[in-house]
Amino acid sequence: MSVGVSLLKKTAVEAETFVQRLDGRVKFLYFLWATIIVYIFFDPILNLIFLAVTMALAVYAKCWKPIALTLLIIVVPWILFAVPILALPLGFPWNKTIIGYINILGKNYPVYLEGLGWGVTWPLRVSVAISTALLFFLTTNQAKLVATMFKMKFPFKLIYMVIATFQFIPLLASEANTIMQAQIARGLRTDVGFVQKIKNYLAVVIPLTLSALNKVQIRAIALESRGFSAPVKKTLLYEASFTKLDYAFLMTMLLVTVFLAWVYVYIGFSPLAHLPWIWSG
């Protein structure tokens with residue numbers, strides 16, 4: 001099972017921590033805010049600080065394992081692949097500052113600061129975006145997620161589509177496993193070549209598709225019988241509202257934003273790593 005499906009099958013981690021108690025809008029705003037900040041600055045050390053803060057929140061909220069696994073699968077291979085290509089003399093156009101040499105098969109090759117900075121900074125930027133988004137997803141249960149999207153003026157049908165997707169994925173995964181076991185019991189072979197295996201999986205995909213369509217039809221009838229499309233004001237099981245904790249978190253983000261704005265104006269876009277502005281040539 002892929003990591004993506006495994007993540008979507010996860011529900012919010014229920015724990016009595018301040019991260020779970022934060023309003024969903026605050027956590028979503030934290031995701032946008034952190035992502036924008038790390039894209040404004042060109043500094044891998046600053047990115048690491050944001051990533052460390054987010055992971056500390058995830059550890060406290062007891063949801064760090066799926067986030068760490070996702071970063072391990074996506075970001076680490078990206079850095080290992082990008083850094084040698086960009087930092088070594090392999091054609092990265094902005095390479096100019098040599099910071100050392102590396103010996104490969106008895107020959108010294110220069111290592112460039114510009115390529116190294118680019119190869120590390122971009123994956124770290126993406127890692128901050130992924131970790132903050134997963135922190136929001138894994139610490140906000142579906143009732144609060146509905147209330148959050150409702151307060152953010154999302155169309156009600158769009159909200160239902162998002163929530164229904166999260167609910168359907170574990171159902172379909174379980175249904176696919178049941179169908180697969182039934183087909184294997186009827187003689188379906190899985191120890192065959194790649195092409196034949198794809199043909200054999202049609203025996204799973206077709207009944208799974210028909211089953212999914214049947215479930216969607218039943219759910220649509222049930223929703224309409226309960227007035228889902230009725231032109232009336234919708235009510236929610238959970239009412240999203242800001243507390244003192246939310247205001248304190250927002251105030252912290254505001255103070256950090258003011259400080260970083262000062263840093264950007266008076267120190268620069270790379271205040272800790274001091275990387276050159278590579279687009280200047």
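Mentor: Before we start, a helix here is a DSSP run of H or I with at least four residues, a strand is a run of E with at least two, and both are numbered from the N terminus. The model is predicted: local features need pLDDT of at least 70, side-chain atom pairs count only at pLDDT 80 or more, and totals for chains, interfaces and linings use all residues. Residues are numbered from 1 along each chain as its sequence is written, and side-chain values use heavy atoms, with hydrogens and water left out.

Trainee: Okay, which element gives the largest share of the lining of the largest pocket?

Mentor: That's α8, with five residues. Helix α8 spans 156–185, and α7 also gives two or more residues to that lining. In total, 14 residues line the pocket, with Val 146, Phe 156, Tyr 160, Ile 163 and Leu 236 nearest its centre.

Trainee: What makes a space a pocket and not a cavity?

Mentor: Whether the probe can get out. On a 1 Å grid over the protein atoms alone, a cavity is a set of points where a 1.4 Å probe fits but cannot escape, while a pocket is an open set with protein on both sides within 12 Å along at least five of seven lines; a lining residue has an atom within 4 Å of a point. Points are joined across faces, edges and corners, and the volume is the space filled by probe spheres set on them.

Trainee: How many cavities of 30 Å³ or more turn up?

Mentor: Two, from a search of the whole structure. The largest has a volume of about 40 Å³, and its lining includes Gln 20, Asp 23, Lys 27, Lys 144 and Tyr 238. Helices α3 (24–40) and α7 (142–151) each give two or more residues to that lining. The second largest cavity is about 30 Å³, with Met 180, Arg 189 and Lys 197 among its lining residues. There, α9 (residues 194–225) gives the most, three residues.

Trainee: What are the classes of residue in these linings?

Mentor: Ala, Val, Leu, Ile, Met, Phe, Trp, Tyr, Cys and Pro count as nonpolar, Asp, Glu, Lys and Arg as charged, and the others, Gly among them, as polar. The largest cavity then comes out at three nonpolar, five polar and three charged. The second largest cavity divides into three nonpolar, two polar and two charged. The largest pocket has eleven nonpolar, three polar and no charged residues. For the second largest pocket the tally is eleven nonpolar, one polar and no charged; Trp 33, Phe 50 and Phe 249 are among its lining residues.

Trainee: Now Thr 121: why is this residue called buried?

Mentor: Buried means under 20% relative accessible area, exposed over 50%, and partly exposed in between (1.4 Å probe, protein chains only). Thr 121 has a value of 0%, so it is buried. It sits in helix α6 (residues 113–138).

Trainee: Which residues does Thr 121 touch?

Mentor: A contact means heavy atoms within 4.5 Å. Leaving out residues up to four places away in sequence, Thr 121 touches Phe 42, Asp 43, Pro 44, Asn 47 and Leu 275.

Trainee: And where does UniProt place the "transmembrane region" feature?

Mentor: The unreviewed entry puts it at several spans, including 28–61 and 111–138. UniProt positions follow the numbering used here, feature names are shortened, and annotations may be inferred rather than shown by experiment. Residues 111–138 are 93% helix and 7% strand, with end C-alpha atoms 40 Å apart. For residues 28–61, the ends lie 16 Å apart, and the span is 88% helix and 0% strand.
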